[in-house]
Structure formats: structure tokens, C-alpha cells
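I opened this one up to see how the chain is put together and which side chains hold hands. Notes below, in the order I looked things up.

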Amino acid sequence: FNRRISKNIAEVCDALDIQRITPQYARNSFISALAHHGVMASYIDYAVGHATSEVSALLAGYINNLSDEAMQAYNEKIFIIPPIPQN
């Protein structure tokens with residue numbers, strides 16, 4: 001199962017002409033992007049199968065140290081997302 005996921009991620013990266021990433025990197029990036037955009041930790045935990053919210057809380061704490069501009073720059077390397085609204 002994990003080999004198939006890795007193969008699919010590699011195919012997507014190749015099709016998008018971006019650097020290949022690992023499934024763990026993709027999963028953590030997904031979690032970080034959701035947390036940064038204010039998605040409830042309980043939903044993130046449910047979506048990725050966490051038994052507790054420790055990982056989501058850790059990643060949310062990490063990204064809170066980044067400016068909106070830095071997070072936007074990182075996300076643009078992975079996702080096509082709209083700009084982050086300024087408060």
C-alpha cells in the first residue's frame with residue numbers, strides 16, 4: 001500500500017514537473033496548510049487518522065512561528081491556493 005502511494009505521488013510530481021516528495025512530507029504539508037488556514041484540529045486529526053491531537057498541535061505551533069508571507073511562499077511550492085487574507 002505504501003509503495004503504491006509513493007509511486008502515485010512520484011507520478012503526480014513528475015506530471016507537475018516539481019521535485020519529488022515523500023508521502024510523509026505530503027501528509028505533513030497537508031496538515032500544516034489546513035492548520036494555517038484555521039481548520040479545526042479535531043477535523044484535521046479525523047481526516048488524517050490521528051488518535052490524539054498531539055501531532056496537529058505540534059505542527060500548528062510550528063507554523064504559528066512563520067509569517068503569512070513565508071507560509072504562502074511555502075504553500076505555493078506545493079499547492080495552488082488563494083492568497084491568505086490579511087486581517
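**Surface first.** I started with the accessible surface of the protein chain, which comes to about 6,500 Å², 59% of it from carbon and sulfur atoms. Areas here are Shrake-Rupley values with a 1.4 Å probe, and for residues only the protein chains shown count as cover.

**Ground rules.** This is a predicted model, so I kept to pLDDT of at least 70 for local features and 80 or more for side-chain atom pairs, while totals for chains, interfaces and linings use all residues. Numbering starts from 1 along each chain as its sequence is written, and side-chain values use heavy atoms, with hydrogens and water left out.

**Overall layout.** I counted five helices and zero strands in the protein chain. The order from the N terminus is α-α-α-α-α. Helices (H or I, at least four residues) and strands (E, at least two) are DSSP runs, numbered from the N terminus.

I then checked burial: 24% of the 87 residues count as buried. Buried means under 20% relative accessible area, exposed means over 50%, and partly exposed is in between (1.4 Å probe, protein chains only).

**Helix α3.** Which residues of α3 are buried? In this helix, residues 41-48, I found I44, D45 and V48. They sit on the same side of α3 because they cover an arc of only 100° around the axis. The arc is taken from the directions from the helix axis to the C-beta atoms.

D45 counts as buried because its relative accessibility is 7%. Just after α3 comes G49, with a positive phi of about 80°.

**The nonpolar core.** Next I asked what makes up the largest nonpolar core. I got five residues: I31, L34, A35, I44 and V48. The elements giving two or more residues to this core are α2 (23-36) and α3. Of these, α2 gives the most, with three residues. For the record, a nonpolar core is a set of buried Ala, Val, Leu, Ile, Met, Phe, Trp, Tyr and Cys residues joined through side-chain atoms within 4.5 Å.

Leaving aside neighbours within four places in sequence, L34 is in contact with V39 and I44.

**S29, also in α2.** S29 has its place in helix α2. S29 is buried, as its relative accessible area is 11%. Where does its side chain reach? It gets to the backbone oxygen of Y25, at 2.8 Å. That goes down as a polar contact: a pair of N or O atoms within 3.5 Å where, within protein, one must be able to donate a hydrogen and the other to accept it, and residues adjacent in sequence count only if both atoms are side-chain atoms.

**M71.** I moved on to helix α5 (residues 68-76), where M71 lies. M71 is buried, with a relative accessible area of 4%. M71 and A33 are 38 residues apart in sequence, yet 8.3 Å apart in space, C-alpha to C-alpha.

**Salt bridges.** How many are there? I counted two, taking a salt bridge as a side-chain nitrogen of Lys or Arg within 4 Å of a carboxyl oxygen of Asp or Glu.

- E11 pairs with K7, and their closest N and O atoms are 2.6 Å apart. Being four residues apart in helix α1 (residues 2-16), E11 and K7 are separated by about one helical turn. E11 is partly exposed at 40% relative accessibility, and K7 is partly exposed at 43%.
- R20 pairs with D14, with the closest N and O atoms 2.5 Å apart. R20 counts as exposed at 52%, whereas D14 is partly exposed at 42%.

D17 lies in the loop between α1 and α2. D17 is not a glycine, although its phi is positive, about 55°. Buried or exposed? D17 counts as exposed, because its relative accessibility is 71%.

Definitions and conventions. Contact = heavy atoms within 4.5 Å.
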